[in-house]
Structures are given as structure tokens and as C-alpha cells.
Amino acid sequence: QVRLVESGGGLVQAGGSLRLSCAASGIKYSIATMGWYRQVSGSQRELVATKTSGGYTNYADAVKGRFTISRDGAKNTVYLQMNILKPEDTAVYYCNIVLGWPQSGSQYWGQGTQVTVSS
């Protein structure tokens, strides 16, 4: 059974930093893409950043230059280093993985971790 465990959320002042982690367990084959999404109450979940097994990264325009996604393939763990945080970054952050062959397309979500940035 695939399970994602997130950690690292919390309360920080504007301009500060946080680092989120997400460890995946129960992976039988491979993970194609690991990423982070965020959601504000009443709004749709939106992409923050993703990284493929081949190293390709994709960032939302709102976080480019401030957030960095990385992953440790051996540990099936993805990280999100968030710097120069702004109040508008406040949201619940969700880890997401998309599996590779032979389970291509199967995806899983973490339980979410709250990030609150005070002004």
C-alpha cells in the first residue's frame, strides 16, 4: 500500500523559510514524478512544483526563484525548500506522486501540511 508522509509545515513570518518533506513508502516499482500542490480553502488545488525522475522541473510562476524542489530517489522522498515566503503562500501543501511503468499514471496524495505566513 502506497503511503505518503509529509512534514515541515508551520508558521513563519514573511521573508522567512520553510522546508517541506514527503516520504513515500510501499513503492513497488518506480516513481515518475514527485511534486507539491497547494490549496487555499474555497479554491482549487494548484501546482507548486514538480520534478520528474529524469530531472525535469516545473514551477508555478508565483514561486519561481523562491522555491526549490528536489528529490532523493533512493529514499523516495521529495523536498520543497521555500524561501522569501509571502503571506499569499499560506495554504495547505499536498505532496503528490505519479508512478512509472508498469503502474504508469497511478497517482497518490499526501494528507497535507499547513503553511502559514504572517505579515
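1. Strand S4 (residues 31-39) runs antiparallel to strand S5 (residues 46-52), and the two pair over six bridges. Here strands are DSSP runs of E with at least two residues, numbered from the N terminus, and two strands pair if DSSP finds at least two bridges between them. Please keep in mind that this is a predicted model: local features need pLDDT of at least 70, side-chain atom pairs count only at pLDDT 80 or more, and totals for chains, interfaces and linings use all residues. Residues are numbered from 1 along each chain as its sequence is written, and side-chain values use heavy atoms, with hydrogens and water left out.

2. A handy spot to look at is tryptophan 36, which stands opposite alanine 49 in S5. The hairpin of S4 and S5 has six residues between the strands, and glycine 42 there takes a positive phi near 90°.

3. S5 is also joined to strand S6 (residues 57-59) by three bridges, again in the antiparallel sense. Lysine 51 faces threonine 57 in S6 as its opposite residue. In this hairpin four residues lie between the strands, and glycine 55 has a positive phi near 100°.

4. Now to the cysteines: the whole structure holds one disulfide, a term used for a pair of cysteine sulfur atoms within 2.5 Å. The partners are cysteine 22 and cysteine 95, with their sulfur atoms 2.1 Å apart. Cysteine 22 sits in strand S3 (residues 18-25) and cysteine 95 in strand S9 (residues 91-99), so the bond ties together parts 73 residues apart in sequence.

5. The torsion about the S-S bond of cysteine 22 and cysteine 95 is about -80°, so this disulfide is left-handed. Both cysteine 22 and cysteine 95 are buried, meaning under 20% relative accessible area (1.4 Å probe, protein chains only).

Definitions and conventions
Buried < 20%, exposed > 50% of the residue type's maximum accessible area, 1.4 Å probe, protein only.
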